Structures are given as structure tokens and as C-alpha cells.
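Subject: Structure handover

Hi,

Here is the structure you will be working with. Please open it first, then read my notes below.

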Amino acid sequence: MHTLTSVVDGLVPAATLATDTLSPAGETVSGGIFSVAPLLVGLPLASAAILLLLGRRADTWGHWLGVLASAGAFVVGLLTFLRILDRPADERVLDVHLGTWIDAGAFHLDAGMRLDPLSLTFVLLVTFVGTLIHVYSVAYMEHDADRRRFFAYLNLFVAAMLVLVLANSFLLLFVGWEGVGLASYLLIGFWNHHMPYAVAAKKAFVANRVGDLGLLIAMGLMFAHFGALDFATVLDDPAAHASEGTLTAIGLMLLLAACGKSAQFPLQSWLGDAMAGPTPVSALIHAATMVTAGVYLIVRSGAVFEAAPDAQLVVVIIGAITLLFGAIVGCAKDDIKKALAASTMSQIGYMVLAAGLGPVGYAFAIFHLVTHGFFKAGMFLGAGSVMHGMDDQVDMRRFGGLARYMKITWITFMMGWLAILGIPPFAGFFSKDKIIEAAFIPTDGAQWRAWVFGTVALLGAGITAFYMSRLFFMTFEGERRWTTKRDGSEQHPHESPALMTWPMIILAVGSVGLGLVLSLGGRFVGWLEPVTGHAEHGEPVLPEWLLIALTLAVVVVGLVVAWRRYAVSTVPVVPPLGTALTRAARVDLYQDAVNDAVLVEPGQHLTRSLVYADHAVVDGGVKGLAHSTVGLGSLLRRAQTGYVRTYAATMLGGLVVLLVVVLVVQS
Amino acid sequence: MTLTHYLVLSGILFSVGAATVLLRRNAIIAFMGVELMLNATNLSLVTFSRMHGELTGQVLAFFVMVVAAAEVVVGLAIIVAIFRTRRSASIDDVNLLKS
């Protein structure tokens, strides 16, 4: 099967790499399927360019080109994946050299693609889920006059996301990083004629920018201490090139970048508002793929974090905070999309927590990322389907009893719901429970960490069960609370067309079976091992069976509480006042207020005082000079009477004065 | 009668001339004041010439007379020209310098 020509180009051959550490350098390959690997990025990028350049002329067929480009990228990704799967496990890290990118003095950077289990996992996830969501969007956006532009942006996103995960250097990764940020901005503000949506897009862009600054600073530090930005150099035993302090700084800056992109505390505020975008966008970008880029970055830079335990601890703390934060917010939201967004935030908190646990957690973080990509995208598409059938209603208090009217949506959503709850044998059980278990493993012998983070993860599972069940019951069970003629317009829920239901069905199948299939015999963990390294499983502070039982117990408690409150008893159409915590959670635990008070308002005060200083000092100085010149002039003008006699008198007086002076001086 | 008296007389004449120039409005009269000042200067020059026993002062007085004669010619011509255009010999009417 090894028909491709492998060229070992002076780099460390993958075969000699020990599998107990991250593989920093791969084999440089060319030929065979690897020569078409650039098509992964090329296809969607070309499609986006065509759709944007042709404009209205492509309106009739543009969406199908978008679907085709995404599907094409998936096929290329699948072929690459199969070819790599053929290779022995320790030869699965490959570099495809594309050419010299930057050659400036001592700094040399090649553009290239890193094909390894980690990047290919992302490639498959992004292109597969992406293609399904493209198909879904064909129907979902049917009545939108700008459907072609929508598909152009979606393709642009897929291309940028693939650049991000396939890059072989931090700088190229940054190109993709910015690209997905741009696509996210364009798609959140897709209906930008509606002012709040445009504002939401701007908010997401600005919050992301803060994170991007972190990545830039991290790259600056890498350049200063390593003199390079490619993964091969930087991630090859970083402790040998830089002190632990430097690596901690780099790690924290990378974490800042991850927080911005993945909506982690304290940069999480944009994700809820990002739901302003069309629902397929929320499913693809703000649930399945882009927001997980931060997790990718942390896992990819694992070598840096492992050499900086302090940064690693901060990663775990951020993940723990966010997973609780998102879960609490999710309990109070009545907007179905915002509740799902809070859930996304919380689930990514789990992934970040796992990624901060070191090699033990990397594979579980990525595993959960993949299963989450399926079930959350499926649920978002389900939410889109519900909105489609309910005249774009998003208030869950206005749903209820939809199970009978939207059977496919109901069933597929249920699969996603059971998956995120972690009910065996659905996907979430295998991925999330592993993270909870890993959180209970003491790191560096620190028992307190195991107890604290394990408990937080366990608690999060219970809250997750509560709010996801609440969402599910409020939407599909209980009595109908639809708007009637009296409220404005009567609603007639109906099932969505096949183009929308099929992607949901496929994602639901993934939500059911993916976890089991991938975890059989540690298949997925083994597949990622060339990148994440092999980690000996430590012993959790509690026995494994007890942890599983505890997790299931809190999940069932959460589910039953939600069942009693939202399926059995009546859900008021007008939200009740609620407790102080509910009220706080409704406004995202005051995160916007805090941001406003801490950042926005001081910033505005600063700009206002700068404007004032500009007017008063700079302008004042210039204008004051002009005014005093004019004043002096008008004062002197009075002396010019125009009478000859006055001038003669002045001359005489002057002469006399002069004479007196001369006499006085001489005497 | 000492030479000091001539100097005092010269000072008085100069002051009268200056006052005439500054106070009178009629251009002709003012012009006469100028002449008076010139002549007062001439008187001082001659007096000092005598005082020092030198001829420099007297030579200078001749120069002043020549210049004065030329000045009278030009000055009177200007006054006549102004009178012709403005029907007035008052120097206060000649205030074009004032905007």
C-alpha cells in the first residue's frame, strides 16, 4: 500500500520518535494523495471566491457549488485519512511542504501542512459536519435573497478552519485563526440590516481580537526565545530552549487566545450574542468547530504547557470556571439558541479542563470535542428546525408539546439530548465521563486538585442534565404554549423538509453510536497517541465504578428535577421573577455589566478625556496663539490714526526720548 | 548778549515751529512751521560754528537752506495737488493711510 514516495528531508524521521512525548517533527512527504492535500483548503476557498466574485449571477446554483466544495474537501480529507491509517502508528505524523513563505535574514519559515491524527480528526469533523450543515442550509436559507453570499461565507469559514488545523507553524495557524474570526463575524452579522445583529457581530469580533492579541504575544515570545514559529522547532522539547517562566508566559498567552476563540471565562460574553447569526452558523461555527479551536491550540501546544505546570493549572481553573458558568447561565435562558450557546460554553469548559490535565486529558478533550461536535450541531440544527416550523420563534416558553408535530426533529433532538447527558450508551457517556474521571486523577500527587476539579466536573454534569432536560421538555413535552391569534399570529408547527431532516438524522446517528465505536478498545485514544503521547493512566481518588455511578446519579437527579418542573407542571408563558441566581443567570451572571464597568466605560472615559485634552491643550494652544496675535494687532492698530500730525508727534517724541537717552548715557 | 541767547532763541523758534506743525490743520501753516524749525536749526548751526571758530556749521547751514528750498518746491506742489483734488488744504483730510 505504500506507493507514495516518502522523502525524509533532514527532519527527524517519525520512526525514531518516542511515543511517550509529543511528536514535534514529522516526516516530509510528497506525492500520491498528499499532493492533492492542499485541495482541502483550495476547494472551499475557490468556491467562496467564485460565489463572491460572480455575485447575483450565481444566485440560482451558488448554494450547490458551496455544498459540492465542502463535500469535495471531505472526500479529500477521507482519502488522506485512509492513507495515513495504512501507515504504522509511529509514522503517522507527516509534513507536506508547500514552499518557502518567509525568508528574512536569520528567520526562515516554510508554509506547509501538518497531517497527523490530530489535524485529520479536525479535518474530518469540520468537513463532515460542515457538509451536512451546508446541505441543511440549502433548505433553511431558501427564502433568503442572499443565500449565495451565505454559502460563500460558509465556504470561506471551512477553508479558514482547515488552514487553522492543517498549519505546520503558529504563524500559518494564525492566518486560519483570523480567517475563522472573519467568517464568524460575517456570518453573525449576516442579517446586518438588523442593528442588534450587527452589534453582536462587532462584539464577537472585538472579544476575539483580545484573544488574538494573546496569540500574537505568544508568537513574539516564541520568536524571541526559539527564533522560529514552526511546530517542529518550538514544540521539540521547549524546556531546553526557554526557561519555565518564559514558557509559562507563552502558555498563558496561548490560553488567552484560546479563551477568546472558545468563549472561555473571562472572554465568554460574545458567544450568547453570536446566536444572532442564522442557526446553521450557530451549529457549525459556534458549536461544532470554530469555538473548539482554542482546545485544538492548547492540545497542539501541549509540549509548552507540559513544561509550564503553572500555566497548565490556570488552564484547568479556567475550564472549571467556564463549565460551571455556562451551565448556570444555561439553566435560566429562555431563548433556545442562547441556552444551547451556554451549553456549548460549558462543554468547551470540559474540554479545556481536560486539555489542562496534560497528556492524560488531551485525547479525552479531543474525543469530547468530536462527539460534542456531532450532538451539539445536531441539537442546533434541531433548534433551527423548530424555529423553521414556528415562524422563527426562539422563546422556549412559547414552545411545548412539539413532539407530536415534528417527529423527526423530536427523535433526533432526543438523541443529542441523551448524548450530552451522558446516558450510556450514547456518545457523551464515553467522552464526558472520561473527562470527569480524568479530573479525579491527582496531578503531580496533588490530591486537592483531584477533589476540587473532579467535584466541579461532576457537579457540572448534574447541572448540564438539568438545563438540557429543561430545554428538551420545554420544547417538545408538556402542554402547548404557542402564540395564538391573540398574541399576534397563530403558529402551525410542521416538520422541516428532507434536506433539513437528513443532516439531523445523520448527526443523531453519530450522537448515538460515535462514542461507543470510537472508544472500543481505546481506538480513538490510540489513534491520537502519535500526537498526544502515551500517558499512563493514573488512579483516580475514587474507584472508577463509583465515579460512573455518581455521575449517572447526578445526571438522573438533574433530569428528574427538570421533568417535574418543566414537563409535569405548567410552564408559565411569562417568566416568573425567580431567585437572585436565576435573575443573574438570565443576564449572563452580569458578565456584560462587569465588562462595561471594568473595560468599556473606563475606555470611553479615557477617549472622552483624550478628546477633551485635544480640544483644550493642543487646539487651545494653536488657537490661543492666533487669538493673542489678533489681539495684539488690534491693540497696535489704535496707534495708527491716519493723521499725519500724530505721526509727526510720534516722531518728535521719539527723537526727544532718544536725545535724552543719549545725553543721560554720555553724562 | 552772549552766544547762549542765540541758542535759547533757536530752541524757542524750534519749539514754536514744532507746535505749529503738530497743532495747526492748515497745510500751508504747518509747512511754515517746518520752515521755522529748519531755520531754528540753521541758527544753532551758525551759533555753534561761531562758538568753535569753525566753518563746518555755516557750510552745513547752506546745505540745509538748499534742501529747504527744494523741499518747499516739492511740498508746495503736493499741497497744491491735494487742494486741487480735495478742495481743502486741511491735513486732517489726508487720512488715506487709515483704513
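In which loop of chain A does Ser243(A) lie? Ser243(A) is in the loop between α7 (231–234) and α8 (244–262). Please keep in mind that this is a predicted model.

The side chain of Ser243(A) makes a polar contact with the side chain of Thr246(A), at 2.9 Å. From C-alpha to C-alpha, Ser243(A) and Leu542(A) are 36 Å apart in space. In sequence, 299 residues separate Ser243(A) from Leu542(A).

Now go to Asp116(A). This residue lies in the loop between β3 (107–115) and α3 (117–140) of chain A. Is Asp116(A) buried or exposed? Asp116(A) has a relative accessible area of 1%. The cut-off for buried is under 20%, so Asp116(A) is buried. Its side chain has two partners to look at. One is the side chain of Arg300(A), in a polar contact of 2.8 Å. The other is the backbone nitrogen of Ser119(A), which lies 2.8 Å from a polar atom of the Asp116(A) side chain.

**A helix to check**

Next, find α18 (residues 447–476) of chain A. This helix has 30 residues. At 1.5 Å a residue, α18(A) should span 44 Å. α18(A) is mostly covered, with 24 of its 30 residues buried. Then look just after the helix: Gly478(A) takes a positive phi there, of about 70°.

**Domains of chain A**

Chain A is divided into domain 1 (41–576) and domain 2 (596–666). How many Å separate the centres of the two domains? Taken over C-alpha atoms, the centres are 66 Å apart.

**The largest pocket**

The largest pocket has a volume of about 1,000 Å³. It is lined by 37 residues. Closest to its centre are Pro196(A), Ala200(A), Asp273(A), Met275(A) and Ala276(A). Which helix gives the largest share of this lining? That is α6(A), with ten residues. Several helices of chain A supply at least two lining residues each, among them α6 (195–226), α14 (336–356) and α23 (591–637). Domain 1 and domain 2 of chain A each provide at least three residues of the lining. By type, the lining of the largest pocket has 19 nonpolar, six polar and twelve charged residues.

**The second largest pocket**

About 670 Å³ of space lies in the second largest pocket. Its lining has 24 residues. Nearest its centre are Val644(A), Ala648(A), Val21(B), Ala30(B) and Val34(B). α24 (644–666) of chain A supplies at least two lining residues, as do α1 (3–23), α2 (27–52) and α3 (56–86) of chain B. The largest share, seven residues, comes from α24(A). What types of residue line this pocket? The lining of the second largest pocket divides into 21 nonpolar, two polar and one charged.

Best wishes

Note on methods
Residues numbered from 1 in each chain as written. Chains lettered and ligands numbered in written order. Predicted model: local features only at pLDDT ≥ 70, side-chain atom pairs only at ≥ 80, totals over all residues. Heavy atoms only, no water. 1 Å grid on protein atoms, 1.4 Å probe; cavity = no way out; pocket = protein on both sides within 12 Å on 5 of 7 lines; lining within 4 Å. Points joined across faces, edges and corners; volume = space filled by probe spheres on them. Helix = DSSP H or I, 4+ residues; strand = E, 2+ residues; numbered from the N terminus. Nonpolar A, V, L, I, M, F, W, Y, C, P; charged D, E, K, R; others polar. Domains from an automatic or database assignment. Expected span 1.5 Å × (residues − 1). Buried < 20%, exposed > 50% of the residue type's maximum accessible area, 1.4 Å probe, protein only. Polar contact = N/O pair within 3.5 Å; in protein donor to acceptor, adjacent residues only side chain to side chain.
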